[in-house]
Amino acid sequence: MHSYLLTDAVHGVLRDTGRALPRRYSLRAVTGMANEAKMANKTIYTTHEVARLLHVNPRSVINWIDQNLLPCYRTPGGHRRIRREDLLVFVRKHQIPTPATLVQSKFTVLIVDNDQNITDLIRTLLLRQGSCEVASASDGIGALIEVGRIKPDLLILDLKIPGVDGIDVCRRIKSDSANRTAIICAY
């Protein structure tokens, strides 16, 4: 596995989580997961961040604030800021689907590689992000068991693993339509 390529891919994924990825997703979709991972640990949001979370126009958020539907405070520069608790109350009161990022604070990652040095390197990089829970497996069977047990948001998978190979692991995971795990494969 080329750790420098994998590191870039992992950083892209960690910027935005919370959205279910389509069956086939582009690098843009994976890197699009990045901001919500950072937003998962935030307690204060901008109007644009709230708009992105709720999939509405930023002007709608400003209108909600102006109509006193969504509480906010202003910074010394006059910018509106919304507290997480106020946003959750607003979303529930108005029966808007609650974004997963508002209720889940940790992004779970499963690393599958038979080389312990690579696994430790990736684990260290992810734990530095501060918003991840990291698990690992060293073979295909262990990977499938862990995917069923922890339901990771991201699977970093070496294609050359013992037992069930990486491609078979991908096929089995993606055959379950309820599984929304994003997969990064490395060779």
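Which strands does H4 lie across, and at about what angle to S1 does H4 run? H4 lies across S1 and S3, and runs at about 90 degrees to S1. Axes here are lines fitted to C-alpha atoms, for helices over the stretch in contact, and angles run from 0 to 180 degrees between N-to-C directions. Contact means heavy atoms within 4.5 Å. Helices (H or I, at least four residues) and strands (E, at least two) are DSSP runs, numbered from the N terminus.

The model is predicted: local features need pLDDT of at least 70, side-chain atom pairs count only at pLDDT 80 or more, and totals for chains, interfaces and linings use all residues. Residues are numbered from 1 along each chain as its sequence is written, and side-chain values use heavy atoms, with hydrogens and water left out.

Start with the sheet. It is open, has 3 strands in the order S1-S3-S2, and its pairing is antiparallel. Strand S1 (44–46) and strand S2 (73–74) are the edge strands, each pairing on one side only. Two strands pair if DSSP finds at least two bridges between them. S2 and strand S3 (residues 80–83) are joined in the antiparallel sense over 2 bridges. Tyr73 has Arg81, in S3, as its bridge partner. Strands of a sheet pair through backbone hydrogen bonds, either parallel or antiparallel.

Now return to the helix that crosses this sheet. H4 (residues 47–54) is mostly covered, with 6 of its 8 residues buried. Buried means under 20% relative accessible area, exposed over 50%, and partly exposed in between (1.4 Å probe, protein chains only). The buried residues in H4 are Thr47, Glu49, Val50, Ala51, Leu53 and Leu54. Just after H4, His55 takes a positive phi of about 60 degrees.

The whole structure holds 4 salt bridges. A salt bridge is a side-chain nitrogen of Lys or Arg within 4 Å of a carboxyl oxygen of Asp or Glu. Side chains of opposite charge can pair when their charged atoms come close. In one of these bridges, Glu49 meets Lys42 at 2.6 Å, N to O. Glu49 counts as buried because its relative accessible area is 13%. Lys42 is at 26% relative accessibility, so Lys42 counts as partly exposed.

The closest N and O atoms of Arg149 and Glu146 are 2.6 Å apart. Arg149 is exposed, with a relative accessible area of 56%. Glu146, at 14% relative accessibility, counts as buried.

Helix H10 (residues 166–174) holds both Asp168 and Arg172, 4 residues apart, about one turn of the helix. These two form a salt bridge, with their closest N and O atoms 3.7 Å apart. Asp168 has a relative accessible area of 26%, so Asp168 is partly exposed. Arg172 is partly exposed at 44% relative accessibility. An α-helix has 3.6 residues a turn, so residues three or four places apart point the same way.

Next, the cysteines. A disulfide is a pair of cysteine sulfur atoms within 2.5 Å. A search of the whole structure finds 0 disulfides. Cys170 is buried, with a relative accessible area of 17%. Cys185 is partly exposed, at 39% relative accessibility.

Turn to the aromatic rings. The structure holds 1 aromatic pair. Trp64 and Phe90 form this pair, which is tilted, with 4.8 Å centre to centre and 45 degrees between the planes. Rings of Phe, Tyr and Trp (its six-membered ring) pair if their centres lie within 6.5 Å; planes under 30 degrees apart count as stacked, over 60 as edge-to-face and the rest as tilted. The pair links distant parts of the chain: Trp64 is in helix H5 (residues 58–66) and Phe90 in helix H6 (residues 84–93), 26 residues apart. Both Trp64 and Phe90 are buried.

Finish at Thr108, in strand S4 (residues 107–112). Is Thr108 buried or exposed? Thr108 is buried, because its relative accessible area is 13%. Not counting residues up to four places away in sequence, Thr108 touches Glu133, Ile150, Lys151, Pro152, Asp153 and Leu154.
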